[in-house]
Amino acid sequence: MSSPPPKPEVGVGVFLLKGNKVLLGRRRTSVGRGTFALPGGHLEFGESFEGCAAREVKEETGLDITGIEFMTVTNNVVSEPKPVQLIAVLMRAALADPHQAPVNLEPEKCDGWDWYDWNDLPQPLFGPLETAIGRGLNPFMCN
Ligand SMILES: Nc1nc2c([nH]c(=O)n2[C@H]2C[C@H](O)[C@@H](COP(=O)(O)OP(=O)(O)OP(=O)(O)O)O2)c(=O)[nH]1
Ligand SMILES: [Mg+2]
């Protein structure tokens with residue numbers, strides 16, 4: 001008998017904006033390894049999207065964020081290294097302290113954080129992020 005398909009995962013990703021730049025880090029984890037993605041992670045039981053965004057950014061970068069707003073939801077099936085359906089709630093936010101610098105607090109998951117010009121994003125982007133931007137998502141535009 002074949003095993004049942006895996007349950008979809010719910011994640012929250014954060015466009016952290018500074019001037020015309022966005023914070024990205026290259027993933028070391030198996031899903032999307034080697035691609036540039038937003039800080040973020042899995043929604044915990046009972047958590048709000050804003051709460052998850054603030055917690056994950058703090059855990060991964062040490063940064064405190066403010067002005068956290070919902071942008072959109074993505075829904076992707078990734079087949080490597082194993083099939084998984086990723087539901088990502090994408091938020092945007094700003095630095096609470098514009099002088100605070102990111103620290104790579106989970107080096108087993110990320111090569112390091114850096115600010116990238118929105119008009120000159122690094123490649124390759126994490127698939128679900130690439131898809132959302134390719135559809136016209138722009139966190140610098142009002143919605
Ligand atoms: N970080 C991040 N995750 C994203 C993006 N787009 C997207 O679909 N996701 C999905 C992939 C994962 O299924 C989910 C959680 O993100 P993650 O892979 O960074 O999770 P994590 O290890 O930091 O989380 P955790 O288990 O420690 O809570 O969100 C994105 O741009 N950035
Ligand atoms: Mg993460």
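**Domain, ligand site and cis bonds**

Mentor: UniProt, in an unreviewed entry, places the feature "domain: Nudix hydrolase" at residues 5-139. Keep in mind that this is a predicted model.

Trainee: On to the ligand. Where does ligand 1 sit?
Mentor: Ligand 1 is in the largest pocket.

Trainee: Which elements give two or more residues to the shell around ligand 1?
Mentor: They are β1 (9-18), β4 (40-42), α1 (49-61) and β6 (84-95).

Trainee: And which of them gives the most?
Mentor: β4 does, with three residues.

Trainee: Which residues come nearest to ligand 1?
Mentor: There are 16 residues around the ligand. Glu9, Arg27, His42, Glu60 and Lys109 come nearest.

Trainee: What classes make up that shell?
Mentor: Seven residues are nonpolar, four are polar and five are charged.

Trainee: Now the contacts. What does lysine 109 do there?
Mentor: One of its polar side-chain atoms lies 2.6 Å from an oxygen atom of ligand 1. Arginine 27 also has a side-chain N or O atom 2.8 Å from a ligand oxygen. Glycine 40 uses its backbone: an N or O atom there is 3.1 Å from an oxygen of ligand 1.

Trainee: How much of ligand 1 does the protein cover?
Mentor: The protein covers 86% of the accessible area, which is 620 Å² for the ligand on its own.

Trainee: New topic: the backbone. Which peptide bond at proline 81 is cis?
Mentor: The one from glutamate 80 to proline 81, with omega near -5°. Most peptide bonds are trans. Proline 81 is in the loop between β5 (65-78) and β6.

Trainee: What about the bond from glutamine 123 to proline 124, cis or trans?
Mentor: That bond is cis, with omega near -5°.

Trainee: Where does proline 124 lie?
Mentor: In the loop between β7 (110-117) and α2 (127-134).

Definitions and conventions:
Residues are numbered from 1 along each chain as its sequence is written. Chains are lettered from A and ligands numbered from 1 in the order in which they are written. This is a predicted model: local features need pLDDT of at least 70, side-chain atom pairs count only at pLDDT 80 or more; totals for chains, interfaces and linings use all residues. Side-chain values use heavy atoms; hydrogens and water are left out. A residue is near a molecule or strand if one of its heavy atoms lies within 4 Å of it. A polar contact is a pair of N or O atoms within 3.5 Å; within protein, one must be able to donate a hydrogen and the other to accept it, and residues adjacent in sequence count only if both atoms are side-chain atoms. Accessible areas come from the Shrake-Rupley method with a 1.4 Å probe; for residues, only the protein chains shown count as cover. On a 1 Å grid over the protein atoms alone, a cavity is a set of points where a 1.4 Å probe fits but cannot get out, and a pocket is an open set with protein on both sides within 12 Å along at least five of seven lines; lining residues have an atom within 4 Å of a point. A molecule sits in a cavity or pocket if more than half of its atoms lie within 2 Å of its grid points. Helices (H or I, at least four residues) and strands (E, at least two) are DSSP runs, numbered from the N terminus. Ala, Val, Leu, Ile, Met, Phe, Trp, Tyr, Cys and Pro count as nonpolar, Asp, Glu, Lys and Arg as charged, and the others, Gly among them, as polar. UniProt positions are given in the numbering used here, feature names are shortened, and annotations may be inferred rather than shown by experiment.
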